[in-house]
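Here are my notes on the model, as numbered points. Please read them with the structure open.

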Amino acid sequence: MGIDHVGAGASDADLVRRVLAGDSGAYAGLVARYRDRLGRYAVHMLGNREEAEEALQDAFVRGYRSLGRCDAPDRFGAWLYGILVNRCRTAGARAARRGRMFVHDEVALNGASPGAPNAIERAEFADVVRWALARLSPEHREAFLLKFVEDLEYEEMARLTGAGVSALKMRVKRAREQLQVILREAEHV
Amino acid sequence: MFERIVAHLRAPVHIDPAFGERVMAEIATLPTPTRARPAAAWRRLAPLAALAVAASVLLLIARPASSTRKLQFVLVAPQAATVSLVGDFNDWDAARTPMRPLRADGAVWSAVVPLAPGRYHYAFLVNGSRWLPDPAAPRASDDGFGTPSSVVTVSGT
């Protein structure tokens, strides 16, 4: 059985209970279930696939170690999200100190063969978006991704980030405005 | 344009196919997690009035029958709108331990946390984005995450 199939039909709460009962292999089901969605957030938040996977792995491992303190096992995903948001903050601060937030996405670029102009255009668009996201402050980028990409309610965002709903609404508004300005500028470069 | 950006960002991203195996290999080296015990019945908290004079203090304020101790973390931050306590004990989750103003002027923020004996790294998160180590506590050596933090050690005796 592949790791992606562990606990495919079980609920989050069932898998958490199995892990706490000693079946650590059941955690693979939770990893498979949340890897892609959380990975997407980390990749866009950090702008660097390698650092995103590192933050994501760290979040899953911390989640495992702290699983006994997950008060609502049926909301494991939301709980883990909170851990990842914080791991991305610390990883982002570390990357910012090194002055590196934006890198070419080699996976996307390698997938753009010379004979496929649409693929090249897509890869260029992806680079522009990543560059534009990197120009937002971490707080604005975080709020933008949680709202528009992860489609979270403001109350959930407040729980994850520790910021107030009003502050988050303002960050989302400003992030959207700034992104549009940045991308309009990019069109004229 | 905006819709195209959002659609692009919502598309699946490539994650290393071996990612799951890497996580499982790492957790295989860890002990099985156990359900956290229900909170013990704490003794009455010590008076808090003396805290306002300190820039930042960490107090042992009660000891329950078990070896777990209840500690109060305090930060003076008159300009802050929100302050959270983050650390190893709450997975650095800003939402889990919000600090409360002790005084009407909102200058002194406090959180009380029960901690089992051990050594913990922690920091304050001000306004959701500014990380502060505790100025009155030993600074943690760089843990590789680039964020300054402090250390508190809870003894078992």
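**Notes on the two chains**

1. In helix α3 of chain A, the buried residues are R49(A), E51(A), A52(A), E53(A), A55(A), L56(A), Q57(A), D58(A), A59(A), F60(A), G63(A) and Y64(A). Buried here means 20 or more other C-beta atoms within 10 Å of the residue's own, exposed means 12 or fewer, and partly exposed lies in between, with C-beta atoms placed from the backbone. α3(A) is thus mostly covered, with twelve of its 17 residues buried. The helix covers residues 49-65, and at 1.5 Å a residue it should span 24 Å; the end C-alpha atoms are 24 Å apart, which agrees. The expected span is 1.5 Å times one less than the number of residues.

2. On provenance: this is a predicted model, in which local features need pLDDT of at least 70 and side-chain atom pairs count only at pLDDT 80 or more, while totals for chains, interfaces and linings use all residues. Residues are numbered from 1 along each chain as its sequence is written, and chains are lettered from A and ligands numbered from 1 in the order in which they are written.

3. Chain A has nine helices and zero strands. Helices are DSSP runs of H or I with at least four residues, strands are runs of E with at least two, and both are numbered from the N terminus. Of the 189 residues of chain A, 43% count as buried. Among its contacts with a separation of 6 or more, 61% are between residues 24 or more positions apart. A contact requires C-beta atoms, placed from the backbone, within 7 Å.

4. Chain B comes to two helices and eight strands. From the N terminus, its order is α-α-β-β-β-β-β-β-β-β. Buried residues make up 28% of its 157 residues. Of the contacts in chain B between residues at least 6 apart in sequence, 55% join residues at least 24 apart.

5. Between the chains, 42 residues of chain B are in contact with 50 residues of chain A. On the chain B side, the elements giving two or more residues are α1 (2-10), α2 (19-27) and β3 (83-87). α2(B) gives the most, with eight residues. By class, this side has 23 nonpolar, eleven polar and eight charged residues. Nonpolar covers Ala, Val, Leu, Ile, Met, Phe, Trp, Tyr, Cys and Pro; charged covers Asp, Glu, Lys and Arg; the others, Gly among them, are polar.

6. One helix pair spans the two chains: the axes of α2(A) (residues 27-46) and α2(B) come within 10 Å and cross at roughly 140°. Axes are lines fitted to C-alpha atoms, for helices over the stretch in contact, and angles run from 0 to 180 degrees between N-to-C directions. The crossing is right-handed, that is, the near helix is turned clockwise from the far one by less than a right angle, with anticlockwise giving left-handed. Y27(A), A28(A), V31(A), A32(A) and R35(A) meet F19(B), G20(B), V23(B), M24(B) and I27(B).

7. Within chain A, the axes of α7 (residues 138-149) and α8 (residues 154-161) come within 10 Å and cross at roughly 140°. That makes α7(A) oblique to α8(A); angles under 35 degrees count as roughly parallel, over 145 as roughly antiparallel, 65 to 115 as roughly perpendicular and the rest as oblique. The crossing of α7(A) and α8(A) is right-handed. E142(A), A143(A), L146(A) and K147(A) of α7(A) make the contact with M157(A), L160(A) and T161(A) of α8(A). These residues divide into four nonpolar, one polar and two charged.

8. Nine of the twelve residues of α7(A) are buried, so this helix is largely enclosed by the rest of the structure. Among the buried residues are R141(A), E142(A) and K147(A).

9. Please check D151(A), in the loop between α7 and α8 of chain A. D151(A) has a positive phi of about 60° although it is not a glycine. Most residues other than glycine have a negative phi. D151(A) is exposed, with 10 other C-beta atoms within 10 Å.

10. In chain B, V152(B) lies in strand β8 (residues 150-154). V152(B) counts as buried, with 22 C-beta neighbours inside 10 Å. V152(B) and G118(B) are 34 residues apart in sequence and 8.3 Å apart in space, C-alpha to C-alpha.

Methods: Two residues are in contact if their C-beta atoms, placed from the backbone, lie within 7 Å.
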